[in-house]
Amino acid sequence: MTVLLGAVFGVVVAVLAGTVVVIIGQARSVQRIVPVAMQPPPRADGLIGARFPGPPLTMTVLGDSFAAGYGAGRRRETVGVLLGTALARRAGRPVRLNQPAFVGAMSSDLPHQVRAALIHEPDLAVIFVGGNDVTRFAPLRAAARQLGDAVGKLRAAGCQVFVGTCPDLRILPPLRPPLRWLASLRSRSLAAAQTAEVKAAGGHPISLAALLNPHFEADPVRMFGADRFHPSSEGYARTAAVFLPPLLAALRAEGVIGPGCPAARR
């Protein structure tokens, strides 16, 4: 019996070791597939909706390449400008956009981004971060706490904060089992931890796994860009479309914008 248990244990250890080797190899392969950002995303900072009257709302976008709009061809296709444009139309006020987000950022980069954002005294902040924490095997609890700390600092400055929690990364086309399974497990675990930390810090978590994953799964050819990792222009447009309703509802509830804000003027 002891011999049998020892044999079974040995097989399990061998399988696990082999799986780890496969995952490491796949991760390195994926890193070779994803191109280095040879050119930065379109610069998004600036005034949106200048034709509207009144003082502008100041909006900041923090986080990683998703937040920065990597892969978008033009400024107006980035998620920050898409959200800012829609917000200006709904609020009937200009929006001044500041975007400290940068390609490759992890949750550990948020303190620097928050300091840069607070210089502009933002009324609202949008954060997309977590994908790089998952794929670079960062400690997920620490990543979630770093996000919560960032939200807390922004809230202490009177800023409303909206966080798109980590999507389920199993939708990324280049990922294959077993790396796909591990990425899915880690991204779902991080999203749950992010949700708890954001709520505790007074922010508004918005589940990208629930709202966005189905669209990318249904039409990956259109939703993903050329590298098959970052969204295409259509993918960013869909992100803004699913993110906007909960953002507007929360801003109305908090009194940042009025309940009868006009739609776009033509």
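Which residues does T78 touch, not counting residues up to four places away in sequence? I'll come back to that in point 3, after a look at the model as a whole.

1. **Confidence.** Keep in mind that this is a predicted model. The chain averages a pLDDT of 87, and 83% of the residues score at least 70. Two stretches are the ones to watch. Over residues 3-27 the pLDDT stays under 50, and the model has eleven contacts beyond four places in sequence for them. Residues 262-266 also stay under 50, with nine such contacts.

2. **Overall make-up.** The secondary structure comes to eleven helices and six strands. Of the 266 residues in the chain, 47% count as buried. Looking at contacts with a separation of 6 or more, 81% of them come from residues 24 or more positions apart.

3. **T78, the opening question.** T78 sits in the loop between α2 (65-68) and α3 (79-91). Leaving aside residues up to four places away in sequence, T78 touches P42, A44, A68, G69 and A72. Its side chain also reaches the backbone oxygen of R75, at 2.9 Å. Is T78 buried or exposed? T78 counts as buried, because its relative accessibility is 0% and the cut-off for buried is under 20%.

4. **Aromatic pairs around F66.** The whole structure holds four aromatic pairs. In one of them, F66 and F128 have ring centres 5.0 Å apart and planes at 55°, so this pair is tilted. That pair links distant parts of the chain, with F66 in helix α2 and F128 in strand β4 (residues 124-128), 62 residues apart. Both F66 and F128 are buried. F66 also pairs with Y236: their ring centres are 5.7 Å apart and their planes are at 65°, so here the label is edge-to-face.

5. **The cluster as a whole.** Which residues form one aromatic cluster? They are F66, F128, Y236 and F243. As for burial, F66 has a relative accessible area of 16%, which is under the 20% cut-off, so it counts as buried. Y236 is buried too, at 0% relative accessibility.

6. **Cysteines.** How many disulfides does a search of the whole structure find? The search finds zero. C159 is buried, at a relative accessible area of 0%, and C166 is buried as well, at 2%.

7. **Helix α7.** This one passes a quick geometry check. Helix α7 covers residues 179-200, and at 1.5 Å a residue its 22 residues should span 32 Å; the end C-alpha atoms are 31 Å apart, which agrees. Its buried residues are L179, A183, S184, R186, S187, L190, A191, A193, Q194 and V198. For reading that list, recall that an α-helix has 3.6 residues a turn, so residues three or four places apart point the same way. Just after α7, G202 takes a positive phi of about 90°.

8. Which way does the peptide bond from P177 to P178 go, cis or trans? It is cis, with omega near 5°. P178 is placed in the loop between β5 (160-165) and α7.

9. **Two positive phi values outside glycine.** E121 is not a glycine, yet it has a positive phi of about 50°. It is located in the loop between α4 (110-118) and β4. With a relative accessible area of 64%, over the 50% cut-off, E121 is exposed. F137 is another residue other than glycine with a positive phi, in this case near 60°. It is found in the loop between α5 (131-135) and α6 (140-156). At 42% relative accessibility, F137 counts as partly exposed.

Key:
Residues numbered from 1 in each chain as written. Predicted model: local features only at pLDDT ≥ 70, side-chain atom pairs only at ≥ 80, totals over all residues. Heavy atoms only, no water. Disulfide = S-S within 2.5 Å. Buried < 20%, exposed > 50% of the residue type's maximum accessible area, 1.4 Å probe, protein only. Helix = DSSP H or I, 4+ residues; strand = E, 2+ residues; numbered from the N terminus. Polar contact = N/O pair within 3.5 Å; in protein donor to acceptor, adjacent residues only side chain to side chain. Contact = heavy atoms within 4.5 Å. Phe/Tyr/Trp six-rings, centres within 6.5 Å; stacked < 30°, edge-to-face > 60°. Expected span 1.5 Å × (residues − 1). pLDDT = per-residue confidence, 0-100.
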